[in-house]
Amino acid sequence: MILLLVAGVPFLLLAIGAAPWKADPGDFPALLSSRDDGTLAMVVIAGVAWLAWFFVAVSVLIEVAARLRGLPAPSLPGLGAPQRAVGQLVAVAALLFVAAPTAVAAFPTPPAFAAATTPALPEARIAVVEAAPGLPEPASLPSVAADSMTETSTIDYTVKRGDSLWRIADQLLGDGARFPEIVELNQKELNGRPDFIVPGSVLKVPDVTTDVDADRPAEEYVVRPGDTLSDIAEAKLGDPMRYPALFESSRDTVQPDGATLTDPDLIRPGWEINIPPHANDQAEAPETPPAESEPPRPHKPPAETPTPVPTPAATAEPEPEVTTADVPDDEVDSSAPGWLLPGLTGAGTVLAGLVLLAVRAHRNTQLRYRRPGQTIAHPPLGLRHVEKTALVAGAPLTATIGHLDRALRHLAATCADEGRALPSLATVTLARGSATLHLAHDDDLPAPWKGGGREWSTRLGKSLPDRDVIPPYPQLVTVGQDATGGLHLVNLEHLSVVSLAGDSAATEALARHIAAELALNPWSVLVQVDLIGLGEELATLDPMRLRHHAHGEQTISSITRSLTAALDAGSGDPEPYRAIITTGISTDEATAELASLLSAPSPRLGVALVSLGAPLPEATSIEVDRTGQLQASLLGLDLRAAGLTCEEAAACAAIVDVTRESEPVPIPTFDQAADGWRSLADHAGALREDLTDVREEGPAGEDSLLPASTDEYAEVAATTPEDVETLAPVVPERVRRTVEEADPTLDEDVADWFDSESERPKLTLLGPVNARAHGEVAPVITKRKPYFVELFAFLALHPKGATGSFVADAFAVSPSRARTQLSVLRDWLGTDARTGRPHLPAASESRTYRETGVKTYQLQDVLIDVDLFRRLRARGEARGADGIEDLRTAMSLVEGIPFSLLREKGWSWLLDGERLHETIGCAIVDTAHILVIDALANGDLSKARDVAETACKAAPYDDICRLDLVKVAAAEGHEEAAERMLADDVFNRTDDHLPPIDLPERTGDVVRRQRWGNARRRPTA
């Protein structure tokens, strides 16, 4: 019809002679003055017809273009009505294409390897329509055209993060294949893009409850730890405010423990909640719910009869102090955040840990290049998703990786000491803090390994000495995860030849994953990886260990010749170990020759061949199907396969590569309009440069923290003139007054921090993270304190407040759950004794809301050590020589490495803001450096040592504090100790598997000034 309208009308008009452009304009006066014979009317009608056709054609083109781009069409001035009509016509035509059976093919199944899950990390979900294996035949899809003849009863559904039309149809209609019905009802909302739905949008969904038998029994939901009725209502009914329907339908149900539901605020794990069969209608919830409709707060009752929570007045003693390490990490369930990379979760968590370890090692090395007043540049914003994923998914595995490496090296060293052969290792299983070795032959392993025959286990984390031996199993890589969460690693060297078969996308993803692990594993430092025909995006991950070849026939032939020569020469241990991963394309003959060599009985060659091409003789076959299920019958493996997409592999390589050469940058000032001390200082608490004056030649005077001349300090301390000028500028008297007036409560706040009787909430970040409060200690706080400490810290580090949705996004929970958790935190923090108001007011009562009208959750009158530190440093600098005591007080707040012992799988939001967890270490070192200089200048070696040691504990990778400690040791007369520290911690220090770096410029300058070491002991390029 559209084609007839756009293309047919011109032919029709031309056929009837309606061509007004052929009329001579000079004839118009005569036509107007002569008798009307219809000629003028025909010209006018023809002109109007052509203009109408032109506007319709333009409208069609605009609407079609907008549909194709998935954007709303721009409005044509004065033509709204006809344009809407054309838009409806185009929408109907588009609907015919969307509803046609061939539409199913437009929604391909996502690669299963990109959806690997772990019990701790739910699968990452992307809001695109997904098809499931085994879709019904196209002819069996519902006929949208037929259904549209009858009026459909609908309900409203709000799209959540991770939803797809298939999932919504499967959840609400009972069959994912019914998603075209949702498409039909939401043409305008979907804008012609049914493959892309936006969280928060409201869709019309057919109401299936009208077709349900009224006698159908209700669905039952079994309560899990952390659940609340409002959470269940949101998950099952689409609205957390509909929890009363669940309460009414379940209150008469006798629960497994014999109890019944009498309080919507109190449900127990294992209880059964009835989901009413007619409960799918979208309730009209008021914008501001009445008091009786407040979502219930989560309460985790004891196993027996619940006991009432004590009120603040009834609590004689403050709650016992519990650190984040003392409480099990059993945080509430949450959905996967949108930035999570699936390839680094589930079976990919070991790789996530390796990426995190590599990034940390690089940044630790880059810290050595910074000067006072500087920090390390942040990774690009475009890599934030992989950095956060590595932190959340990989942090729990970093210790495990180190423990496994140490345990295997210890095993090798013990076998060597006893003159025993190394056990023949086939696979390793990591589960529940233990490592289980699966051997190819029966063996007897030394302690601490326990077991027998072919299976031996040990608890990882046991105190084992570091043994300096070559890693015994350098080609150990993760291939998948079992249903219980156990991670399985295979020893490629033992297998020699591996054929990856099955779905091509899944096998290539697994091959990329294997290559990435080999390039990053601490036990694979001697392995050279050759990627042939795939994995070009991994080339920058570690150029020394991983090489990419577009065509590798010559490479494989060269390796074969080298191995043949090594066999003929009867050489010892392999050097290097080699892993060849090839698609097999264009290298079939060379690959087969190498496979034949590796399969033949021979001494240890240290080479593994992984082929994705045609099956190879004597190869161990690992099959991965399109759903991501991995099977290796010879190894007894049935797992969820590991795998990286091209994009995920590129992101991993990019974050590792970019942090390898991060540049020091000045510590930034606060970007937004700041209040109080923040308007005068940078993120580290140092005064803004524009508020200070440059030190002149000679003594700086009492207006500087270091009043003597710059050269005097450079002589007595491990510093440079540039350092003194940066850290101890001259501060005018007017600036001193401004700083003191901007922070009038500092002395009172510091006194309260050190007062054990003070009931103000206290947050510790300058060491192991912890918090202390004196409000209502609900059971959920006792069990999940690390989670609520993190929530406390999140609000504390957002002093302007945070909206509920901002909190929900940061913690990857629903808005209703965020509100519930904030309510629990409010009760725990308690009431401010000075104002009678909560330390965490309601969002509509916050200071920011009163000033801006934006509802935010904003802490009031709480104490945070990191803020006290920066406030003390700012005031100390402003006071000049009189401010040294403020700096000493600031250093007394430091209890270890800042932001340590964080909750596993949490704190990813730290990477989104000012990254205070990185900057504050620089602030501590710079503050300590001033105090060490002052103490050495005054001959107080005891104070100098205390401060230098505190800084080294807080920032063990920073050269500035390390050189301070060396100088103190030398000043104390411990010259041998000083030389040893220089050799171990400065000259020969390395943060990775590479040799020591050349001395950074500042470090070398200090070493030369102090006449430490000599040319022989300093590394060269």
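**View 1. Phe794 and Trp909, both buried, form an aromatic pair.** Phe794 and Trp909 are both buried (under 20% relative accessible area; exposed is over 50%, partly exposed in between; 1.4 Å probe, protein chains only). This is a predicted model: local features need pLDDT of at least 70, side-chain atom pairs count only at pLDDT 80 or more, and totals for chains, interfaces and linings use all residues. Residues are numbered from 1 along each chain as its sequence is written, and side-chain values use heavy atoms, with hydrogens and water left out.

Rings of Phe, Tyr and Trp (its six-membered ring) pair if their centres lie within 6.5 Å; planes under 30 degrees apart are stacked, over 60 edge-to-face, the rest tilted. By this rule there are eight aromatic pairs. The ring centres of Phe794 and Trp909 are 5.0 Å apart and the planes stand at 90 degrees, so the pair is edge-to-face. Phe794 lies in helix H23 (residues 785–796) and Trp909 in the loop between H28 and H29, so the pair links distant parts of the chain, 115 residues apart. Helices (H or I, at least four residues) and strands (E, at least two) are DSSP runs, numbered from the N terminus. One aromatic cluster holds Tyr787, Phe788, Phe794, Phe806, Phe811, Phe899, Trp907 and Trp909.

**View 2. Leu765 sits in the largest nonpolar core.** Such a core is a set of buried Ala, Val, Leu, Ile, Met, Phe, Trp, Tyr and Cys residues joined through side-chain atoms within 4.5 Å. The largest has 104 residues; Leu765, Leu795 and Phe869 touch the most other members. H29 gives the largest share of this core, 13 residues. A second, separate core of 85 residues includes Ala352, Val355, Trp449 and Leu492. Beyond its neighbours within four places in sequence, Leu765 is in contact (heavy atoms within 4.5 Å) with Ala793, Leu797, Ile864, Asp865, Val866, Pro898, Phe899 and Trp907.

View 3. In H28 (residues 884–892), the buried residues are Ile884, Asp886, Leu887, Ala890 and Met891.

**View 4. Tyr849 is found in helix H26.** H26 spans residues 847–852. Tyr849 counts as partly exposed because its relative accessibility is 29%. Leaving aside neighbours within four places in sequence, Tyr849 is in contact with Ala843, Ser844, Val854, Lys855 and Thr856. Tyr849 and Lys800 are 49 residues apart in sequence and 9.9 Å apart in space, C-alpha to C-alpha.
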